[in-house]
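Hi everyone, thanks for coming. Let's take a look at today's chain together.

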Amino acid sequence: MTKDNEKQQLARLNADNGLPPFIPSSTSGPSQLSQPAPPSAPPDYLFEPVLPRVCCITLNETDKMRLLGVPPTLVVPIRNAITSSWGQIQSEQIYYGAHEFKLLGNPWRGQGTDSVLSRTLIVSVLRAMAVNGWNIVQAADVSKKDHGKDALFFETIDPSIGIVLPDEVDMFAISFNSSDKLRIIGNVPASIVTAVKQAIHTQWSMG
């Protein structure tokens, strides 16, 4: 059998078996199968910036405050903020993983003198969080219960702005009381009081 006959017979066998036709190599020796190109190296990915950490402080019933996801190192500063602005703490416990303070009295009812002290308490806690690197980003009632209260959500302050010193944190509260009262609560400069008065005179028709 000649070489041409061998090639034709091999081509027919390949066709019968569903194989591609035989193509002889143009070079001498055994044919070389083409090798697939090696996979390209993965691109260099940029590292994502460190995402801010988040935590939550909830106001519960009439006298409780719970720390959810708050670092344990902040328990003492928050405790000091409570005692310095509100007063005595009745008890503390771990409530389903959250550190809970039960305060003396009923700050979340906010009647009479307590309405001022309770807001002073919140300002004190917010300041303690800010001094320790946490900034409030949202307050919302997520419980959907009767007489539900807001939960305060915090995130870590961007470290690029540097350390926040206690003397650099100034906070105060403005509350709406009865049907016609507005109170500025905290140690605020006279310029703030003047600015609020000016806003009332210019924006309220009966100023």
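The elements themselves are DSSP runs numbered from the N terminus, with helices being H or I of at least four residues and strands being E of at least two.

Please keep in mind that this is a predicted model, where local features need pLDDT of at least 70, side-chain atom pairs count only at pLDDT 80 or more, and totals for chains, interfaces and linings use all residues. Residues are numbered from 1 along each chain as its sequence is written, and side-chain values use heavy atoms, with hydrogens and water left out.

Now to the hairpin of β1 and β2: three residues sit between the strands, and Glu61 there has a positive phi near 50°. Strand β1 covers residues 54-60 and runs antiparallel to β2, joined to it by five bridges. Within that pairing, Ile57 has Leu67 of β2 as its bridge partner.

What does β2 pair with over four bridges? That is strand β4, residues 98-103, again in the antiparallel sense. Here Arg66 stands opposite Glu100 of β4.

And how covered is β2? Mostly: of the five residues in 64-68, four are buried, meaning under 20% relative accessible area with a 1.4 Å probe, counting protein chains only. Across the chain, buried residues account for 25% of the 207.

Stepping back, the chain has four helices and eight strands, in the order α-β-β-α-β-β-α-β-β-β-β-α from the N terminus. Thanks, and I'm happy to chat!

Key: Buried < 20%, exposed > 50% of the residue type's maximum accessible area, 1.4 Å probe, protein only. Pairing = 2+ DSSP bridges.
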